[in-house]
Amino acid sequence: MDALTPLIHLGDPRLAAPGAIAVLAWLLAARAWRLAFWWGLLFAAGMGLVAAAKIAFLGWGLGLPALAFKAPSGHAAGAAALLPMLFWLPLARRAQPVRLAGAGLGLGLGAVVGVLLVLNEDHSAAEALAGWLAGAAISLGSIRLGAPGWPPRPAPALGLLWATLALLAAAWLMDCAYIGYWMIKAARLLSGNLHTYSLTVD
């Protein structure tokens with residue numbers, strides 16, 4: 001268990017968001033406009049909904065107590081969104097079964113992250129599952145809607161450079177963002193409550 005615990009960090013928003021931006025930069029460099037559009041849109045919308053659910057619980061306590069559900073796990077969502085894309089993209093020119101196997105491997109690893117979150121008592125099973133489903137919808141939706149006609153051309157050599165620069169810049173910004181702090185601030189502002197509900201597992 002202890003040896004696998006670091007896998008949880010694969011879904012950390014401070015890693016997943018920069019990773020998603022790096023993927024977007026690489027797709028733009030490859031002029032894969034359709035896939036870049038759907039990836040950027042679905043990742044932003046999906047992770048935005050996860051954040052909104054967290055703010056709703058922080059501010060108003062909206063959840064499902066019977067399922068020990070407060071909000072979807074952001075770590076599970078990030079892992080299930082980013083990892084399938086990272087496994088699928090290098091195989092985009094291969095046969096469809098190979099591409100699907102790559103995406104499936106990413107989803108499986110994302111599921112491992114979710115299980116570890118539950119075993120580590122960071123989230124309930126319902127929260128981990130909801131996060132994984134949200135992430136899977138992002139990755140699979142992007143592939144389903146954006147993959148037709150892929151790939152139009154190989155990414156130029158500079159594509160990797162742009163992706164690396166985007167990753168480093170986004171990682172620096174995320175490290176300074178203090179996401180949890182701003183979600184609490186937003187919950188207090190929107191709900192008018194000075195005290196927020198706790199997202200930690202009881």
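This is a predicted model: local features need pLDDT of at least 70, side-chain atom pairs count only at pLDDT 80 or more; totals for chains, interfaces and linings use all residues.

Colleague: Is Phe69 buried or exposed?

Modeller: Among the residues that Phe69 touches, leaving aside those up to four places away in sequence, are Gly63, Leu64, Ser124 and Ala126, and Glu127 and Ala130 are also touched by Phe69. The relative accessible area of Phe69 is 18%, and since the cut-off for burial is under 20%, Phe69 counts as buried.

Colleague: How many residues of α3 are buried?

Modeller: The buried residues of α3 include Gly74, Ala76, Leu82, Pro84 and Trp88, and what covers the buried residues of this helix includes α1 (13–29), α2, α4 and α5. Helix α3 is therefore largely enclosed by the rest of the structure, the count of buried residues among its 15 being 12.

Colleague: What span should α3 have at 1.5 Å a residue?

Modeller: Helix α3 covers residues 74–88, and its end C-alpha atoms are 21 Å apart. That agrees with the span that its 15 residues should have at 1.5 Å a residue, which is 21 Å.

Colleague: Which residues does Leu83 touch, not counting those up to four places away in sequence?

Modeller: Leu83 is found in helix α3 and is buried, with a relative accessible area of 8%. Gly104 lies 21 residues from Leu83 in sequence, with 9.5 Å between their C-alpha atoms. With residues up to four places away left out, Leu83 touches Leu10, Gly106, Leu109 and Gly110.

Colleague: Are α3 and α5 roughly parallel or oblique to each other?

Modeller: Helix α3 packs with helix α5 (residues 125–146) at an angle of about 30°, and their axes are 6 Å apart; the crossing of the two is right-handed. As angles under 35 degrees fall in the parallel class, α3 and α5 are therefore described as roughly parallel.

Colleague: Which helices are included in what covers the buried residues of α5?

Modeller: Helix α5 has 22 residues and reaches 31 Å between its first and last C-alpha atoms, close to the 32 Å expected at 1.5 Å a residue. Its buried residues include Glu127, Gly135, Ser142 and Gly146, and what covers the buried residues of α5 includes α2 (33–60), α3 and α4 (96–119).

Colleague: How are α2 and α7 oriented to each other, roughly parallel or oblique?

Modeller: Helix α2 and helix α7 (residues 179–191) pack with their axes 8 Å apart and at an angle of about 60°, and the crossing is right-handed. Among the residues making the contact are Lys54, Ile55 and Trp60 of α2 and Met183, Ala187 and Leu190 of α7, and by class the contact has nine nonpolar, two polar and one charged residues. With that angle, α2 and α7 are therefore oblique.

Colleague: Is Glu121 exposed or buried?

Modeller: Glu121 is found in the loop between α4 and α5, and its phi is near 60°, a positive value in a residue other than glycine. At 63% relative accessibility, Glu121 counts as exposed.

Colleague: How does Arg31 count by its relative accessibility, partly exposed or buried?

Modeller: Arg31 has its place in the loop between α1 and α2, and phi of Arg31 is near 60°, a positive value in a residue other than glycine. Its relative accessibility is 44%, so Arg31 counts as partly exposed.

Technical notes
Residues are numbered from 1 along each chain as its sequence is written. Side-chain values use heavy atoms; hydrogens and water are left out. Axes are lines fitted to C-alpha atoms, for helices over the stretch in contact, and angles run from 0 to 180 degrees between N-to-C directions. Helices (H or I, at least four residues) and strands (E, at least two) are DSSP runs, numbered from the N terminus. Angles under 35 degrees count as roughly parallel, over 145 as roughly antiparallel, 65 to 115 as roughly perpendicular and the rest as oblique. A crossing is left-handed if the near helix is turned anticlockwise from the far one by less than a right angle, and right-handed if clockwise. The expected span of a helix is 1.5 Å times one less than its number of residues. Buried means under 20% relative accessible area, exposed over 50%, partly exposed in between (1.4 Å probe, protein chains only). Contact means heavy atoms within 4.5 Å. Ala, Val, Leu, Ile, Met, Phe, Trp, Tyr, Cys and Pro count as nonpolar, Asp, Glu, Lys and Arg as charged, and the others, Gly among them, as polar.
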